[in-house]
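Q: I am new to this structure and would like a close look at a single part. Please keep it brisk.

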Amino acid sequence: MAERENPTSHSYFSQRLRLHYLDWGNDGAPDMLLIHGVHDHCHSWDWLAQPLRDEFHVVAPDLRGHGDSEWTLGSPYSYLEYVQDIAQLVRQQRLDPVTVVAHSLGGTIASIYAGTFPESVARLVIIEGVGLYPMDAGAPGKRLREWIDANYSLAARVPRRYPSLEDAYHRMQETNPHLSPDQARHLTIHGSNLNEDGTYTWKFDNYTRTPRPYDIPNGDLVALWQRIECPVLIVNSRQGYPHRIGHDDTLRHFANVTLKEVDDAGHWTHHDQLDECIAVIESFVGESLS
């Protein structure tokens, strides 16, 4: 059994940023890393981490610009920086070989990390990971101007302030109507800051909204997926988002992959169908998680 019921909070540094992570204990067990998606935070995994911690040493970071990690100033939020942060955490905490469970943007980050350091990942679970969006190969000037204009707009944008925690909670429910009231309240409490004037704002940096004009090209992303050596489980929702990893004939780029589709779930499969998510992960890793 695990050593404690609640996680402890820790910090580490990557590229001079102070980043935050939760450690769920059970240090002698195999290591597991949980990587959240854009505008989420490490506490998005709390329900999944509870059963997983009995068989794994579970670590859940806040990505830069999210949760209780510092924001990036003067540089974009690209895949490269996120992967650097994950590599630093794995190296510093000696987590490899690690089982990675990741959602949405986190799924793409995890797949890039696993392709860059295939020896460091024992198993990879990708939940609704961002896949191969159609790319505009031309008009670089147009892309760059749109990126610069987006940054201008964000510079003038004031983060929305909610009069009360209850108002922020209702906004969370609107964003994902699949959430139960308890889930929405939990995510709101951990995902918002109380401002000096008594209002609430979300913790994530608004600049995470800026579209990146350049990042890892689709061809390079495919080449990295082809380098992954560990077994891969892809969990997608039938009512989820388009262009996920596992869509668009992308399964063929993975050497050892299983696809599981979950019904009656939106993009946050691990919230909307928690028990089924736990069951498919349990089957995949071959461990008892109860």
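How close do the axes of helix H2 and H3 come, and at what angle do they cross?

A: First, the ground rules. This is a predicted model, where local features need pLDDT of at least 70, side-chain atom pairs count only at pLDDT 80 or more, and totals for chains, interfaces and linings use all residues. Residues are numbered from 1 along each chain as its sequence is written, and side-chain values use heavy atoms, with hydrogens and water left out.

Helices (H or I, at least four residues) and strands (E, at least two) are DSSP runs, numbered from the N terminus. Axes are lines fitted to C-alpha atoms, for helices over the stretch in contact, and angles run from 0 to 180 degrees between N-to-C directions.

Now the pair. The axes of H2 (residues 79-92) and H3 come within 9 Å and cross at roughly 65 degrees. H2 is therefore roughly perpendicular to H3. Angles under 35 degrees count as roughly parallel, over 145 as roughly antiparallel, 65 to 115 as roughly perpendicular and the rest as oblique. The crossing of H2 and H3 is right-handed. A crossing is right-handed if the near helix is turned clockwise from the far one by less than a right angle, and left-handed if anticlockwise.

Which residues touch? H2 brings Tyr79, Tyr82, Val83, Ile86, Ala87 and Val90, while H3 brings Leu105, Thr108, Ile109, Ile112 and Tyr113. Contact means heavy atoms within 4.5 Å. By class, this H2 and H3 contact holds ten nonpolar, one polar and no charged residues. Ala, Val, Leu, Ile, Met, Phe, Trp, Tyr, Cys and Pro count as nonpolar, Asp, Glu, Lys and Arg as charged, and the others, Gly among them, as polar.

H3 (residues 105-116) also meets helix H7 (residues 218-226). Their axes come within 7 Å and cross at roughly 60 degrees. H3 and H7 are therefore oblique to each other. Their crossing is left-handed. On the H3 side are Thr108, Ser111, Ile112, Gly115 and Thr116; on the H7 side are Leu221, Leu224 and Trp225. The H3 and H7 contact has four nonpolar, four polar and no charged residues.

Eight strands form an open sheet with mixed pairing, in the order S1-S2-S4-S3-S5-S6-S9-S10. Two strands pair if DSSP finds at least two bridges between them. The edge strands, S1 (8-14) and S10 (257-262), each pair on one side only. The twist averages 20 degrees from one strand to the next. H2 packs on this sheet, touching S1, S2, S3 (31-35) and S4. The direction of H2 makes about 115 degrees with that of S1.
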